[in-house]
Amino acid sequence: MRIRSLMTALCMASVLAGQPVGLVQAQSAKIDQRSINFHIDAKKSIEKGDLRAAQIQLRNAVQRDPNNLDARYDLGIVNMRLGDLPSAEKDLQMALQGGFDPEKALPDYATTLLLQRKFDKVLAEFKPENRGPKLEARVHALRGAAYLGLGQVPDGERELRESLAIQPTAEAHITLARLSAAQRKRDEALAQIDQAIAVDPKSVDAYVVRGELRRAGNDGDGARADYDKAIELNPRHLGALLARADLSVAQNKIDQVQADSDAVLQIAPRTPQALYLRALVLAQKGEVQKAGEIMQSIQAYAQAYMPAHRPGCSA
């Protein structure tokens, strides 16, 4: 894995996690009732997995009342999950500027920058300050990720260890694990993941990354156990579903490939990885024409995806 690829993989893990969005009482000003109603409708759409409908409803909510910061924040998250990163960046920045809880929105805003490879902007906008231990630890972890994205590994590792010194987080341990994996230090990577799980036993990303490491070590059964645990913790975690589906391809478990890829497409219908896996299933079943149509629709992605791909840890 190339060091410069770490950042994209790390950020995509948080996006693919299917981050929950919902009503958060962040503002004290009275909000227009129509705006609130649009937001409530959006929450219902999110629960159904219809992010496109939620996006429209949230846009209506903030258009009706620009001071509805809860809706603005949720719109940013939905845009991020739909892959509209410039809009996500704008909405999350506006939520922060309007007074939305920085402990919640700041890391998400920084993530949109990292996903767009705006590493210098992350370092410029998020300097170490006295934000309180929880948020300050997150900021150091984000700065570490930005340095890694720039290929400045010693600075990245320093920031990550400063993050852990302030407050141990699964996020920082996971990033260090990815760094160790990139440096082919598999035992160190596994040790970091064990620490991540000790800090947060419900860290879905930790189980996904450990699954990736186990699979790389030819422990398919161990990898499946980790992916199963991740999906048990969050059945809508796209990264875990895709990882398990990809493993199932290698193990010729076509029914599992279909189940997991269908689950992804129900949540995010345009996910290229899942469409590619659906095409594989169709081809396996002899439905070559349908498989070919899907492959043609994702041709550019498929060329990058083949011959091998492992969600989250590829480079």
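Mentor: Thr271 sits in the loop between helix H15 (254-267) and helix H16 (272-284); helices here are DSSP runs of H or I with at least four residues, strands are E runs of at least two, and both are numbered from the N terminus. Residues count from 1 along each chain as its sequence is written, and side-chain values use heavy atoms, with hydrogens and water left out. Keep in mind that this is a predicted model, so local features need pLDDT of at least 70 and side-chain atom pairs 80 or more, while totals for chains, interfaces and linings use all residues.

Thr271 has a relative accessible area of 10%, so it's buried (under 20%; exposed is over 50%, partly exposed in between, 1.4 Å probe, protein chains only). Skipping neighbours within four places in sequence, Thr271 is in contact (heavy atoms within 4.5 Å) with Leu242, Val264 and Leu265.

Now the rings. Searching the whole structure turns up 2 aromatic pairs, meaning Phe, Tyr or Trp (six-membered) rings with centres within 6.5 Å; planes under 30 degrees apart are stacked, over 60 edge-to-face, the rest tilted. Tyr73 and Phe100 are stacked, 4.7 Å centre to centre with 10 degrees between planes. That pair links distant parts of the chain, 27 residues apart: Tyr73 is in helix H4 (69-81), Phe100 in the loop between helix H5 (85-97) and helix H6 (102-115). Tyr73 is buried at 1%, and Phe100 is buried at 2%.

Tyr109 and Phe126 have ring centres 5.8 Å apart and planes at 70 degrees, so they're edge-to-face. They bridge distant parts too, 17 residues apart, with Tyr109 in helix H6 and Phe126 in the loop between helix H7 (119-125) and helix H8 (133-149). Both Tyr109 and Phe126 are buried.
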